[in-house]
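Colleague: Please take one close look at the aromatic side chains in this model. Start with the overall picture, then go pair by pair.

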Amino acid sequence: MPLTSALNSLSLRLRSFAAAILTLLIFIPFTAITLEAAFNDSLSQSMLQQLKVQNLMLISEFEFEHNQASMPEQLINDQFNLPDSGLYGFIVTNDAVVWKSLSALNWQQLPVLNAPAVGTDHFIEDLALQNTYFVYAYTAEFDNDGSYQSVSFFILQDKAVFNTEKDKFATILFEWLGFIALLLLVLLLVSLNAALLPINRLNQQIKKAERGQLKRLDQQYPPELEKLKRSINHLLDSEEQQRARYKNSLSDLAHSLKTPLAVLSGSQGLPFEAKEPIQQIDSLIKRQLKRAVIGSYAGWEQAIEIKPIVLKLTNAMSKVYADKALELNTEKVEPSACFQGDITDLMELLGNVLDNACKAANNTVSIECAVTENWLSLSIADDGPGIPADKRQILLERGMRLDSYTEGQGIGMAVVADLVSAYQGQLAISTSALGGALISLKFPIRQV
């Protein structure tokens, strides 16, 4: 299973390139072995034909004179006449060597050679003596004073020249096959990139759609990808229509409930005990409507730059809490940091947390934002009284508030918790370096 998982994670380019290399690793050696074997066989057959011709020459020169074997002192082929030339001839009759060529003059010991039957020959490709030799032998019958006597002719050819030619061919063969393999890999990479270009273009358009830069995929693709493009466009259209229906329906629902609640809460003679439940119902409806909206998040959202939103919110908070003359520090907000989601959700997230921090702060509120590895980290710290560890969870519960946050319905941080959960993020409350509360938010960054 781990091997299968690793293979499934490989890109198409890497898979194709690996398959091509594997094919070449199998094809090139087998091709080299086949060609080398064919060349060696052809060279051996050529050598056999040459030795047959040399053997026929010896047969044509041989005769019996007065019951003695007779051969010319000098043969037509000079290689038989030069000592240690590499070509050697022997004539055997009655199991005795009756003649040897001048080229074998320095041989101290004659080889033991098995003669074939009369009228037949044999060819040996590897005879190991002081060197390695090709051997061709043929036995014929000659008239010797009225009787026929069998005579065997042996031709030995040193394989040194043959091995040199074979090694030279192997070297040239592997050099050319290596060059061809390299050329094939280059051509494969070029053709592979050309073949995957439509997929790369499709991938780029999908990334733009995820960032909100495109509503639909609009480029032309090969027939194999057109069906995928249509499916993605259908998904984009359906998702946009569904989100629009959600927002419209929920907006209608909010308006239809808002008026009856307002009338009810403003009714004369409404018991005091009923006002708080009505307010709780109003808060509950707002929260549940918000949860329904964020539940429709599908991931096809534009990446929102965070710093402009932070500056807009801090400017608003400076006006709202002008009487406190707060110092709102945004220096540690990275300009390149982006939130992958809905801008309304981002505004509500930061707005709720920043509003609570400004309420609690004495003099300073610090906002930090950074991108680390695959996470977007947001933190808002204040120098207020802080939140006791045993009370931090209460702040996230529905309709609850702490004494530090004396205004509002207590729904703000609960909505923040719901939004963080909807975006698969993390929310933590701790003590800041300023002495007050530290609200930390983390959101995973989708790789697109």
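**Aromatic rings in the chain**

Modeller: The accessible surface of the protein chain is about 26,200 Å². Carbon and sulfur atoms hold 56% of that area. Such areas come from the Shrake-Rupley method with a 1.4 Å probe, and for residues only the protein chains shown count as cover.

This is a predicted model: local features need pLDDT of at least 70, side-chain atom pairs count only at pLDDT 80 or more, and totals for chains, interfaces and linings use all residues. Residues are numbered from 1 along each chain as its sequence is written, and side-chain values use heavy atoms, leaving out hydrogens and water.

The chain has 448 residues, of which 37% are buried (under 20% relative accessible area; exposed is over 50%, partly exposed in between; 1.4 Å probe, protein chains only). Its secondary structure comes to eight helices and 14 strands (DSSP runs numbered from the N terminus: helices are H or I with at least four residues, strands E with at least two).

Now the rings. The whole structure holds 15 aromatic pairs (Phe, Tyr or six-membered Trp rings with centres within 6.5 Å; planes under 30 degrees apart are stacked, over 60 edge-to-face, the rest tilted). Take Phe-62 and Phe-142: their ring centres lie 4.9 Å apart and their planes meet at 75°, so this pair is edge-to-face. The pair joins distant parts of the chain, 80 residues apart. Phe-62 is in the loop between helix H2 (12-61) and strand S1 (63-65). Phe-142 is in strand S6 (residues 132-144). Phe-62 counts as buried because its relative accessible area is 5%. Phe-142 is buried too, at 15%.

A second pair is Phe-339 with Phe-443: with centres 5.3 Å apart and planes at 80°, the rings are edge-to-face. Here 104 residues separate the partners. Phe-339 sits in strand S10 (residues 338-340), Phe-443 in strand S14 (residues 437-444). Both Phe-339 and Phe-443 are buried.

Lys-159 lies over the face of Phe-134, 4.8 Å from the ring centre (NZ of Lys or CZ of Arg within 6 Å of the centre and within 35 degrees of the ring normal). Over the ring of Trp-375 sits the charged end of Lys-442, at 4.9 Å from the centre.
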